[in-house]
Amino acid sequence: MIVADGLIGLIGKTPLVRVSCFDTAGSELWLKLESHNPGGSIKDRIGLSMIGAAEADGRLKPGGHIIEATAGNTGLGLALVSALRGYKLTLVVPDKMSQEKVTHLKALGAEVIWTRSDVGKGHPAYYQDMAQRIASETGAFYVNQFENPANPAAHERTTAPEIWEQTAHKLDAVVCGVGSGGTITGMSRFFPPSVDIVLADPKGSVLAGYVETGVVGEAGSWLVEGIGEDFVPPICDLSRVKHAYTIDDAEAFATVRTLLAKEGILAGTSSGVLIAAAVKYCRERTAPGRVVTFVCDSGAKYLSKAYRDEWLADQGLIPRQQFGDLRDVVARRAGQLVEVSPEDALRVAYARMRLHDVSQMPVLDRGALVGIIDESDLLVAALAGDFGKPVRDVMSTKLETLAPSASVAELVAVLDRGLVGVVMDKGALFGIVTRIDLVNYLRRRIA
Ligand SMILES: Cc1ncc(COP(=O)(O)O)c(C=O)c1O
């Protein structure tokens, strides 16, 4: 049983678990559960080691100010150690990061500055450039995990030796993703040449291509969080990597969902890239071996995304029947709709809209569409102080129905009149379309 004097003593020493739900062609696949760290991710280790190194060499004084550019998890590791050791922490976060992570950071006492995620290195709004500028203006200690030697050192000194001990020195490969490159570099330095170092990279990142061709190509975009880069970070040593796998978002999300359904492990989205790459590597081996990869953080932070069918469908990541007409724009098809009945009280409509985070709902009477209720109807009821009335009394019955063959321009005209698009197919409700559904559809088409 582990006993610690304070939470910092619980960083590291994470469990290793074997999983068998994937076809690994006879190889053993083991997962190092970094999600068990007290801050919820592998980055607790580097939060502790980078702050410890700055304390040791005097860059950080008691009560000092720390600043970092972070995709989230490093911020949590730093925020945890900063809170426990009394430092002020400012984090610059790109705006594609999940709201859950940012809420966690703020609740730990960190100051969060959002910046754009659509700009690259060298742009003043790029999160690392911005953090560096604020540090030089304020004199704060800029952690810079991308260049900080205490980052790979944490993995060389703790993560890798733990794996070595847990596998009783019988290990054939470690599969790593790269965010800053700390993990892969630490593994490369610690393990003997007999252990393959394998790169798992999200599709759109430049790193797998760099390993294969030596050239840094053009970066695309990806939805998994925490790994993948548009440059090769200075501390990232890829010289030992002989095998690199590119995994797309759809495969990554499907993999973490299988992991939860079959093994009960709730993993973050990047784990889908790592595990899918590990499985491919296992199948390509000439002989079965023992392979370790990571669950770098918990899926709890991504429940509203990767683990929700509606979100995946909005992103175009789960296959849906395509019709080549207006029906393809419908995000919630009949049967998946959040709905209310005309006899329900307004408080039921209110609770349902809040729970599902929608701003309008169709009103269905035994399957037939009889109206739409939206936020403005609820506002009228709230002003009158009457949430007990039936939905029927306030719902809008002015419905604009559209046939599947209607054009996007006709839909836009309906939306422009402040109405919701109601798509009817052969007299039956097919689904409703809101502005954001149309935006999502058009964005998918551009992508
Ligand atoms: C969520 C997450 N963060 C961070 C990392 C590793 O990042 P780094 O290269 O900075 O050590 C991984 C690696 O798989 C990851 O999945």
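Which residue in E5 is the bridge partner of Pro94? Thr115 is the one. E4 and E5 run parallel and are joined by five bridges.

A word on ground rules. This is a predicted model: local features need pLDDT of at least 70, side-chain atom pairs count only at pLDDT 80 or more, and totals for chains, interfaces and linings use all residues. Residues are numbered from 1 along each chain as its sequence is written, and side-chain values use heavy atoms, with hydrogens and water left out. Helices (H or I, at least four residues) and strands (E, at least two) are DSSP runs numbered from the N terminus, and two strands pair if DSSP finds at least two bridges between them.

**The four-stranded sheet**

E4 and E5 belong to an open sheet with the order E5-E4-E3-E6 and parallel pairing. E5 and strand E6 (141–142) sit at the edges with a single partner strand each, so one side of each has no neighbour in the sheet. H2 packs on this sheet, touching strand E3 (65–69) and E4, and its direction makes about 170 degrees with that of E4. Contact here means heavy atoms within 4.5 Å; axes are lines fitted to C-alpha atoms (for helices, over the stretch in contact), with angles from 0 to 180 degrees between N-to-C directions.

Helix H3 (residues 99–107) has Lys101, Val102 and Leu105 buried. Looking down the axis of H3, these buried residues fall within an arc of 95 degrees, so they line one face of the helix. That arc is taken from the directions from the helix axis to the C-beta atoms. The buried residues pack against helix H2 (73–85), strand E4 (88–94) and strand E5 (111–115). Just after H3, Gly109 takes a positive phi of about 100 degrees.

**The six-stranded sheet**

The other open sheet to look at runs E1-E2-E10-E7-E8-E9, with mixed pairing. Its edge strands are E1 (16–19) and E9 (241–247), each pairing on one side only. Strand E8 (residues 196–202) runs parallel to E9, with six bridges joining them, and Val198 has His243 as its bridge partner in E9.

**Cysteines**

There are zero disulfides in the structure, a disulfide being a pair of cysteine sulfur atoms within 2.5 Å. Buried means under 20% relative accessible area, exposed over 50%, and partly exposed in between (1.4 Å probe, protein chains only).
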